[in-house]
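Keep the structure open as you read.

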Amino acid sequence: MLSINMEDVYKTLETCSPYLIGLGIVLVLAIAAIIACRKLSGARKFIVRSQAVLAMPLALVIVVNLICFGPMNTLITLATGNGTISEQTSADAEKLVREIAGEGIVLLENNDGLLPLSSGSKLNVFGWASTNPCYGGTGSGALNDNYPKVSLIQGLTEAGLELNQSLVDFYTQYSDVRPGLGMRTQDWSLPEPPADTYPQELLSGAKEFSNTAMIVISRLGGEGSDLPTDLSADKLPYTQNSDKYKDFADGEHYLQLSQTEKDMINLVTASFDNVIVVYNGANAFELGFVEEYPQIKSVLWCPGPGQNGFSSLGSIVTGEVNPSAKTSDTFVYDLTSTPYWNNIGDFAYDNMQEFQIYNKYQKRDIVPSFVNYVENIYVGYKFYETAAVEGLIDYDSAVQYPFGYGLSYTTFRQTMDSMTTGSDGSIVISVTVTNTGDTAGKDVVEVYYNPPYTNGGIEKSSANLIAFAKTELLEPGASQTLTLSFQPEEMASYDARVNEAYVLEAGEYVISINSDSHTVIDSETYTVPSTIVYSVDSPCSSDQTAAVNQLQFAEGGVDYLSRADGFANYDEVTKTPDNYSMPEEYKATFINNSNYNPETTNNPEDKMPTLEANNGLKLADLRGKEYGDPMWEQLLDQMSVQDMNLLISQAGFQTVQIDSIGKVATVDCDGPASINNNFTRVGSIGFPSAVMVASTWNTELARAFGDSIGKMADEMNVSGWYAPAMNIHRSAFCGRNFEYYSEDGVLSGKMAANAVAGAREHGVYAYLKHFVLNDQENNRANMLCTWASEQSIREIYLKPFELAIKEGGAQALMSSYNYIGNKWVGASSELLQSIVRGEWGFQGFVLTDYFSEHYMNADIGTRNGNDACLSPMDVGANNVQDTSATAVLAMRQASKNILYTVVNSRAYAPENLNSGMPAWQIALIAADVILAAVFVVLEYRAVKSYTRRKVSETQAKQ
């Protein structure tokens, strides 16, 4: 989502114009009266002038009150919020940041046991990024500036390493500021010093200082744009200046080395025998170059480590912490050979001009665009493992570091002790992990399944993560037995073609424990004797209603990758699109605000509900009541249409106060790595990126993270958290990958579920975002039509949201900017009603991403399950403007969803509940009373003076 922007503030101020015009008229008339009274004399002149003078401040006070209690009410309430984080809570959060980073930094290579270095070792650190590292990402998910950050250099020195200060000074003097990268301006330039600018004395001094060097390579992503896939001058996004990227050859992309970086690496490897490479970035990078240099012996992947996570990098380099992280993404040698490569980016339709809108952020006209998820279910490791089995690729030449891969300073042995059936029908696996090395450490147990596949049948990957667990810290020789379990139905595949439901086909399922997605340690076979179809009559046990076809409209006639005949259609379906026209059948039902007409969906049989009843209930009376309790209807009967519209339309960073039901205002804040109040500028400690959290493979740390966020939010008086962000790393180039966990839905979902549950312990409701298929930033807010198979949507992209709701108890969702197929996500009842509420049993409310008045519409949203608009002010389409019975019934349901979530949050805990008006309103009313008294006194004195003058004049005439 976007942070609040001034253009919307200006639009709100425009609504104040009638009041300001009225004030202007009063001032003009008062001044005219003062001028005119020059022709008068005596008491008459005095009274006209005094009344005109008093009228000006009185009019100003009245207008200020009308504006403050009217259009600016919401903004002022948000800007005067309170609540700060205690020093102890911040200190606890900082400690947790270090723990997460300590378990989230992945050791990718460690030849000759170069790492760890002993404390006190001398180290030369090369690379401009060493002094300008990536802490997270940019945009609404960025860290705040309220707390000092531990730099990479500081983290290394804290660990007892002695660094070559001359190198640090050299990079700092070259460029001490990282180029800006934001939601509306993108700058990915890399101010790496050219090799010929290194003074010879600097290099010779470095050789004398130490024979060990560290090279830091960093990449930063941000909200609003994806990382460039082609840095050719004529291929750059419209916001970029091609002169900044001459360090890359035409056709090169941002996730490979620039020429200057290559030159720097050549310079370092020519001078030092022991080289460590640190890749500091959340987006999977082409690291094949490390194999070209025998001097590069150790490689660490350090995604954005948050406020003070670089302290843990130092601890890992010196061995104080033994790395235990595993990759959350697949690292391939050549990103241009990935199945998604030709189908990410900017594809504008050539037949949708009538739907053109002006994007005020980009300051240009845009038409609907599209992206085709042609790779189907074969995302990330699921493609590479299956393609290798089918002979499409040579795995070792395509994949450098598999998903779930990571090294340690010690060694482990895992044994699959047993696989049994639990009393509930679950598959139960017992695994013993033994530390066979000489250093204490942690290990991860990864469980995958390989289902039976029929050529041309339901699409299936040969490797699918289904469960995982992390050990405690094991001393050398120590063992721990872990028990992991899952239901057989979790291995079912979605069959959109024949059964239109999940299907667990008969056959043998190979269940294995792996060291990564590719390397099997041990396995057992689970046999399904006969095919099970989870149809309407027999849904999956975790579903409220059966998952059946809902999203066929989102497939859009696109051809998708199939495993049939060894991926025989690979070349055809993964090529660059050659048709840029939306098919007429989909164009005919495409809607944005230019052609939306609520009357077309009004139901003449709908009856207007009861409004403004006097039932004497307060929202607090409903705390703890079931969603279906009849008392809800009585409470909703008390609301007016205006009440419901205000609750729906101005839900940006808050839920508003509604007097008719005694609802208090609540505050929601940005995430996902912290809690940031965009109005008061109060913020929390910034945690590591979601990628680093996922790389821990430690659900207990994920829960502790959510718990810490919940505690800090509670102290800040914040009830809603715009997080976790949990879209899929479909592409390595998504600018917002730092906010998202992984390429895998199970890993992402399990981590998110624990973060949500941790925050919920403090009464804080988490908004899962961005729901759904918001897996690229380019054109996300430009009516981006995302086409995907129903099977891939359910198995890949919905999976993390599903787990976070079913297992984490999530109470809120943030719908995404994009369209699913030809429908804006917020207008898809198939997603928001049938799947989320129907199948998954979600009881909560759905909020838009930052509201775009171009194509988002509160009316179409509320009719289809999107309950509220993320806008703190009136921008037009966030108001439900239709007052038909159909519209009001939809508003009533949306209001219930919002109120149910809020009343069961921390806001209505007895210790937090404050049903009075905001402090600023009390202060303003008090000021009004004082000013009123002053005006009364002044008026009394004026009248008294006038009377005295009038008497004097009368006496003088006599």
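A cavity is a set of grid points where a 1.4 Å probe fits but cannot get out. The model is predicted.

Q: How many cavities of 30 Å³ or more does a search of the whole structure find?
A: The search covers the whole structure. Its cut-off is a volume of 30 Å³. The number of cavities found is 6.

Q: Which class gives the most residues to the lining of the largest cavity, nonpolar, polar or charged?
A: This cavity has a volume of about 200 Å³. Its lining has 20 residues, and Tyr-340, Gly-380, His-729, Arg-730 and Glu-743 are the closest to its centre. By class, 4 are charged, 6 are polar and 10 are nonpolar. The answer is nonpolar.

Q: How many charged residues line the second largest cavity?
A: About 100 Å³ of space lies in this cavity. Its lining has 15 residues, with Phe-705 and Glu-739 among those nearest its centre. By class, 12 are nonpolar and 2 are polar, and the charged count is 1.

Q: Is Val-573 buried or exposed?
A: Val-573 sits in helix H14, residues 570-573. Buried means under 20% relative accessible area. Val-573 has 8% relative accessibility, so this residue counts as buried.

Conventions
Residues are numbered from 1 along each chain as its sequence is written. This is a predicted model: local features need pLDDT of at least 70, side-chain atom pairs count only at pLDDT 80 or more; totals for chains, interfaces and linings use all residues. Side-chain values use heavy atoms; hydrogens and water are left out. Helices (H or I, at least four residues) and strands (E, at least two) are DSSP runs, numbered from the N terminus. Buried means under 20% relative accessible area, exposed over 50%, partly exposed in between (1.4 Å probe, protein chains only). On a 1 Å grid over the protein atoms alone, a cavity is a set of points where a 1.4 Å probe fits but cannot get out, and a pocket is an open set with protein on both sides within 12 Å along at least five of seven lines; lining residues have an atom within 4 Å of a point. Grid points are joined across faces, edges and corners, and a volume is the space filled by probe spheres set on the points. Ala, Val, Leu, Ile, Met, Phe, Trp, Tyr, Cys and Pro count as nonpolar, Asp, Glu, Lys and Arg as charged, and the others, Gly among them, as polar.
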